[in-house]
Amino acid sequence: MARSTCMLVCMLLGAAHAVDGAANETCVPQFGKESRPVVIAKSGDGLSTPRDLQFHPANGELWVASADAGGDASGNYIIRNPGTPEQTTTLLQDRIPFHYQDNMAAFTFDKEGKVLMSCQESENRYLGLAAGPNWFQGPTAFELYPCDGGYGRLNADGSCDVMTVSHSGETCTGDDCYIIHSDMLHESPLCMGMAHDPGAVTGTTGFNQINGRTPGHIVWYHDGMRGKLMRFDFDSLHGTEIIDHRFANIRRYVDVDVKRRPGVPGHMVVDEAARVLYVADTGNKRVLRVNADSGRFLRGAQCVPDECYPTNLNHTCADTQQMFLTREACEAGNCGTCSRDTSAKYECYAGHCKSGVCAGADGFGCYTIYTETGDMFEYELWGCTDYDIFTTELESPSGIALDGRGRVFVSDYDSGVIVAFDQTGTKLAEHHVGKGVSGLEISCPEAGECTLWYVNIDSKEVLKLHVDDPCVASGTLPPVPSI
């Protein structure tokens, strides 16, 4: 349930503590010559374990992923007027947080702040499932544009429909309200990170050759269950009135390996202009750069025998020929698809079939579809992806953020440092803020220097880095290199 509180600025400053200062090889204005963490919010009064944070693009509120394993206390912790005497906070939850927000690892807004998409480090164990987890998890979408004292759907004409509700489901405004999900896709439990990609377009390269998908609802995703990079296009959201998951495109990039470290998110961020996705691959102790427009469709991810994809068995990434048959040709060959009912005979684990005709001679395996499907639903395996390693200097990279001025910031959970790199991966400086640092966010005024905000999982705090002694950066940082 939502809560609200006011925090005095003296409490915030009193909570600040000096730390080992920045180890600066060159000036990074967010670190300055001397700076210190200032606590903005801490565990209690609605905040559980903070793991990610982002400013709402539409109104400047600071939103925090408040995680609770089990889900009852999970939700979006909202800080209004952060770090000021007027600061207030509230916890905004779905009425079923133990599913839609369970142990939230990460979230991201679209560019305008109309939609928030979150993901959960969860196997879906709620309500004491006797058979154990059912892995019915994946990214969730909520329409949360600020709307007449609540949050809701921004319409094309500029009007807004309040979609926050009371516990009984009636329209509600204020802090004691709940949210209702507008969409959810279920092919990826144990998410560790995600990022919205406003410049991505799905196009017609997939199995169904679909035109005209609704733009703006594409996110990149770290699937911690199977250790692969994924991309979800929600297409048109089903809304709060019905539940219909047949409109979506899902891509699993089989050649981009990522490794989950339980309890430590591996966050992501997109450089929209450069079309580069940065991935904190925590378990593999590295940060990846991925060309967000690269890759090729290989085959459908559903349980479809390899006979449907004869050219895929011996293909190379240099091939230019069409690498798949049409849906009509495949169905004419009596190639079937798996459902939850039929997947058991193929020894599926968390939707990944390991034997039988559906296992796939190409070694990619196949994946059970957990929700209803139709001609507008595509679940695909992609490969031939262009990516490289940005850095291996960190033991446990977790948070990642761009300042839009040529710097990439990465937090190291174990060592407790935030490191600033240029866009080539060259280390500029670092600042020690304490073990447990994870999600990062940067706010930049129209004039003046940017401020670095972050969460600490171990201390259960939301903080910002306050610069006491500024420095002035000089010179020009190098551009983003090609991948």
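Trainee: Is Glu430 buried, exposed or partly exposed?

Mentor: Glu430 counts as partly exposed, at 22% relative accessibility. Buried means under 20% relative accessible area, exposed over 50%, and partly exposed in between (1.4 Å probe, protein chains only). Keep in mind that this is a predicted model, where local features need pLDDT of at least 70 and side-chain atom pairs count only at pLDDT 80 or more, while totals for chains, interfaces and linings use all residues. Residues are numbered from 1 along each chain as its sequence is written, and side-chain values use heavy atoms, with hydrogens and water left out.

Trainee: Thanks! Which side chain does Glu430 meet in a salt bridge?

Mentor: That's Lys427, at 2.6 Å, N to O. A salt bridge here is a side-chain nitrogen of Lys or Arg within 4 Å of a carboxyl oxygen of Asp or Glu. Lys427 counts as partly exposed, at 30% relative accessibility.

Trainee: How many salt bridges are found in the whole structure?

Mentor: The search finds 21. One of them joins the side chains of Glu61 and Arg80 (3.0 Å, N to O). Glu61 is in the loop between β4 (49–55) and β5 (62–67) and Arg80 is in strand β6, so the pair links distant parts of the chain, 19 residues apart. Strands are DSSP runs (E, at least two residues), numbered from the N terminus, and helices are runs of H or I with at least four.

Trainee: And Glu61, buried or exposed?

Mentor: Glu61 is buried, with a relative accessible area of 10%. Arg80 counts as buried too, at 19% relative accessibility.

Trainee: Which residues are closest to the centre of the largest cavity?

Mentor: Of the 13 lining residues, Arg80, Leu92, Tyr151, Gly174 and Asp175 are the closest to its centre.

Trainee: What about the second largest cavity, which residues line it?

Mentor: Among them are Glu143, Leu144, Tyr151 and Met163. That cavity holds about 30 Å³ of space.

Trainee: Tyr151 again! Which aromatic cluster is Tyr151 in?

Mentor: Tyr151 forms one with Trp63, Phe107 and Phe109. Rings of Phe, Tyr and Trp (its six-membered ring) pair if their centres lie within 6.5 Å; planes under 30 degrees apart count as stacked, over 60 as edge-to-face and the rest as tilted. The search finds ten aromatic pairs. In one of them, the rings of Trp63 and Phe109 have centres 5.4 Å apart and planes at 80 degrees, so the pair is edge-to-face.

Trainee: Are those two buried or exposed?

Mentor: Trp63 counts as buried at 0% relative accessibility, and Phe109 is buried with a relative accessible area of 3%.

Definitions and conventions
On a 1 Å grid over the protein atoms alone, a cavity is a set of points where a 1.4 Å probe fits but cannot get out, and a pocket is an open set with protein on both sides within 12 Å along at least five of seven lines; lining residues have an atom within 4 Å of a point. Grid points are joined across faces, edges and corners, and a volume is the space filled by probe spheres set on the points.
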